[in-house]
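Colleague: Can you walk me through this one? I have the model open and would like to start with the surface.

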Amino acid sequence: MNTLRKLFRTRTNILVGGLIVGLMSLIALFAPFLAPYHPIDDANLMFAQEPPSRQFFFGTDSQGRDILSRIIYGARISLSVGLISQGLNSLIGIILGLTAGFFGRWWDDLVMGLTNIMLSVPSLIFALAIVALLGPGLMNVFMALGFTNWSYSCRITRSQVLSARSLEYVQAARALGYGRFRLMFTQILPNILGPIMVIGTLGVAGAILLEASLSFLGLGVQPPTPSWGSMLSQARDQLFTAPWVSIFPGVAIFLTVLGLNLLGDGLRDALDPYTTRTRR
């Protein structure tokens with residue numbers, strides 16, 4: 001019964017999370033066809049702060065721009081930032097963790113010392129420092145988020161390499177004359193991708209939240225480019241007069257992060273053998 005319950009929960013998390021993430025991805029991909037108005041150009045002060053209606057399903061903001069259209073186009077910003085920045089984080093973390101766990105010695109000590117430093121300071125602080133140095137803007141957000149959250153992937157990769165390098169298939173590859181780099185990238189890495197994928201999925205959600213935080217503080221995507229975080233920032237003064245201006249971008253962030261977390265949790269249960277054994 002416990003196994004069946006776990007399997008049902010795992011499939012449910014993956015299904016629900018995958019549906020939410022897939023829907024958001026389709027919305028971002030087909031934004032020009034789904035948005036009823038242009039998110040920037042179709043501004044009309046005659047329709048400023050219109051409540052949700054048949055003409056404007058999510059209402060309008062203080063400049064008369066359709067909130068639904070801006071949320072649809074904002075999905076492109078949030079998902080692209082999450083995927084690209086976490087992809088860069090995963091690449092850095094995998095390379096450092098793979099080499100640290102495989103070679104060990106002074107290189108392992110150096111990488112783990114740097115990783116502990118990164119883990120001791122919140123990612124938002126590092127991102128704020130980088131954006132403050134480089135200036136606000138979308139490209140700088142990619143730079144800030146792509147170099148501040150690799151420590152989790154690094155530690156997971158290193159721990160998996162330490163467990164895998166003494167297994168029989170690795171020893172057999174050594175006996176066949178595999179070189180170090182061939183051994184790392186063709187034998188060890190493909191067999192430890194499960195936990196790395198889970199961390200990557202959860203990292204995309206974290207990157208979306210960080211981008212929204214930076215944009216909310218005015219250091220991320222700059223107006224009039226639609227971003228969920230910048231939309232929340234501009235809606236701060238309208239919480240009581242036009243609450244729909246802040247509610248719908250917040251719901252978009254919530255649903256996207258929820259979907260990614262559910263997907264990551266389901267993948268963890270499905271791919272992590274330790275979790276599978278301990279929950280039986």
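**Surface and rings**

Modeller: L26, L29, F30, F33 and L34 make up a nonpolar surface patch with about 560 Å² of accessible area together. Patch members have over 30% relative accessible area and no salt bridge; nonpolar side chains (Val, Leu, Ile, Met, Phe, Trp, Tyr) are joined within 5 Å, like charges within 9 Å. Areas come from the Shrake-Rupley method with a 1.4 Å probe, and a salt bridge is a side-chain nitrogen of Lys or Arg within 4 Å of a carboxyl oxygen of Asp or Glu. This is a predicted model: local features need pLDDT of at least 70, side-chain atom pairs count only at pLDDT 80 or more, and totals for chains, interfaces and linings use all residues. Residues are numbered from 1 along each chain, and side-chain values use heavy atoms, without hydrogens and water.

Colleague: Which helices supply at least two residues each of the nonpolar patch?

Modeller: α1 (2-29) and α2 (31-34) do. Helices here are DSSP runs (H or I) of at least four residues, and strands are E runs of at least two.

Colleague: And where is F30 found?

Modeller: F30 lies in the loop between α1 and α2. F30 is partly exposed because its relative accessible area is 38%; buried means under 20%, exposed over 50%, partly exposed in between.

Colleague: On to rings. How many aromatic pairs does a search of the whole structure find?

Modeller: Seven. F30 and F33 are a tilted pair because their ring centres are 6.4 Å apart and their planes are at 55°. Rings pair if their centres lie within 6.5 Å; planes under 30 degrees apart count as stacked, over 60 as edge-to-face, the rest as tilted. F33 is exposed, at 70% relative accessible area.

Colleague: Now charge. Which residues form the positive surface patch?

Modeller: R105, R165, R174 and R180. Lys and Arg count as positive, with the charge placed at NZ of Lys or CZ of Arg. R165 sits in the loop between α7 (151-164) and α8 (168-175), and is partly exposed at 31% relative accessibility.

Colleague: What about the overall fold: how many helices and strands?

Modeller: There are 13 helices and zero strands. The C-alpha trace spans about 75 × 50 × 30 Å along its principal axes. Of the 280 residues, 45% count as buried.

Technical notes. Buried means under 20% relative accessible area, exposed over 50%, partly exposed in between (1.4 Å probe, protein chains only). Rings of Phe, Tyr and Trp (its six-membered ring) pair if their centres lie within 6.5 Å; planes under 30 degrees apart count as stacked, over 60 as edge-to-face and the rest as tilted.
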